[in-house]
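Biologist: Thanks for sitting down with me. Could we go through this one together, question by question?

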Amino acid sequence: MANKWFETVAVAQRRAKRRLPPSVYGALVAGAEAGVTVRDNVTAFSELGFAPHVAGLPATREMATTVMGQEISLPVLISPTGVQAVHPDGEVAVARAAAARGTVMSLSSFASKPVEEVLAANPRTFFQMYWVGGRDEMAARMERARAAGAVGLIATLDWSFSFGRDWGSPHIPEKMTLREMIRQAPEALSRPTWLAEWLRTGAIPGLTVPNMSVGGASAPTFFGAYGQWMGTAPPSWDDVAWLREQWGGPFMLKGVTRVDDAKRAVDVGVTAISVSNHGGNNLDGTPATIRLLPDIAHAVGDQAEVLMDGGVRRGGDVVKALALGARAVLIGRAYLWGLAANGQAGVENVLDLLRSGIDACLLGLGRSSISELSPEDLVIPPGFTRRLGS
């Protein structure tokens with residue numbers, strides 16, 4: 001039997017590309033318009049260097065921390081994503097992997113698995129919401145997540161509905177009708193291992209979003225919910241305050257790129273913010289999040305927990321983010337590629353790689369704990385950072 005372990009996230013990505021139907025893989029790669037931001041998210045990390053020591057290095061290194069009151073064994077959380085069609089176990093497999101490796105699962109309201117099933121797999125789960133529908137609907141979604149046991153809420157508010165990719169967008173059906181199954185058959189048959197996984201479950205990708213339903217209604221389709229989202233007026237800062245108050249517990253605002261927005265978030269009482277550009281899937285031309293992080297962390301890091309996501313592919317990237325002021329990072333594509341490559345074990349593999357990479361960096365930098373990291377541990381080229389807002 002072939003060894004399913006992989007040594008880097010890049011290897012997992014290559015395996016995911018071989019294993020998944022092209023349209024499914026294309027949906028994971030995604031990006032927007034010319035792909036400027038999605039590329040910068042990754043390449044910006046390579047512009048930063050390390051300043052290692054040669055002797056007097058610590059024999060043991062500590063990387064545990066807390067995020068929104070949850071103790072985690074490493075400063076890496078699972079970011080909320082929709083994993084439609086990637087793997088039959090979807091977010092449940094991801095949640096189990098996160099639990100096995102001692103970290104938090106974040107569940108998207110556009111996920112393929114119900115919040116109740118995911119919480120059963122990992123009680124340390126944050127539920128993520130977009131501003132979709134009326135306040136009564138959103139309150140009902142929050143109450144459902146609370147009843148399931150979610151320990152925190154993430155509000156993602158940075159989506160601008162930009163569309164069009166220079167390399168083309170994959171065909172994603174609204175429903176898997178007979179006609180669509182016939183249309184998708186050549187792709188599915190070209191990936192027999194992926195197809196066999198689904199056939200063993202006796203199911204096909206449902207393409208519904210069960211966590212968007214309220215009041216016992218059936219789960220809407222992904223595009224049905226997306227259409228409702230497009231028709232919902234964008235939220236105000238008063239709406240953000242209402243979400244936080246309605247939830248009444250640990251609350252993260254995700255999608256912050258500007259210093260002034262970070263300050264406003266603190267003013268409305270958020271527990272945490274995530275410096276994020278939606279993985280480069282939103283407004284193309286937004287700078288890489290690692291470039292934006294230092295000024296935001298300096299401005300509000302003593303008033304709210306500052307996290308970041310976007311472009312993290314190895315433990316060294318995590319260490320660079322922490323040295324520039326992040327409390328922890330969230331990962332998205334990295335674990336999705338692991339899930340595609342080898343299910344739950346593949347997600348665990350990704351988390352293990354990040355953990356070992358963090359440990360190696362701490363050793364080389366002479367730091368006994370992630371709490372000791374600072375910009376002095378990095379080689380930062382002139383003009384690297386970007387400050388948006390004041």
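Biologist: Which residues does Leu-283 touch, not counting residues up to four places away in sequence?

Modeller: First, a word on the basis: this is a predicted model, where local features need pLDDT of at least 70, side-chain atom pairs count only at pLDDT 80 or more, and totals for chains, interfaces and linings use all residues. Residues are numbered from 1 along each chain as its sequence is written, and side-chain values use heavy atoms, leaving out hydrogens and water. Leu-283 sits in the loop between strand E9 (272–275) and helix H12 (289–300); helices (H or I, at least four residues) and strands (E, at least two) are DSSP runs, numbered from the N terminus. With contact meaning heavy atoms within 4.5 Å, Leu-283 touches Thr-37, Ser-160 and Ser-162.

Biologist: Is Leu-283 buried or exposed?

Modeller: Buried means under 20% relative accessible area, exposed over 50%, and partly exposed in between (1.4 Å probe, protein chains only). Leu-283 has 51% relative accessibility, so the residue counts as exposed.

Biologist: Which residue pairs with Asp-359 in a salt bridge?

Modeller: A salt bridge here is a side-chain nitrogen of Lys or Arg within 4 Å of a carboxyl oxygen of Asp or Glu. For Asp-359 the N to O distance is 2.9 Å. The pair links helix H14 to the loop between strand E1 (49–50) and strand E2 (65–67), 298 residues apart. The partner is Arg-61.

Biologist: How far apart in sequence are the parts that Glu-348 and Arg-101 tie together?

Modeller: Their side chains meet in a salt bridge at 3.5 Å, N to O. Glu-348 is buried, at 13% relative accessible area, whereas Arg-101 is partly exposed, at 22%. Glu-348 lies in helix H14 and Arg-101 in the loop between helix H4 (90–100) and strand E5 (105–108), so the parts they tie together are 247 residues apart.

Biologist: Why do the buried residues of H9 line one face of the helix?

Modeller: In helix H9 (residues 222–230), the buried residues are Ala-225, Tyr-226 and Trp-229. The arc is taken from the directions from the helix axis to the C-beta atoms. Seen down the axis of H9, the buried residues line one face because they fall within an arc of 100°.
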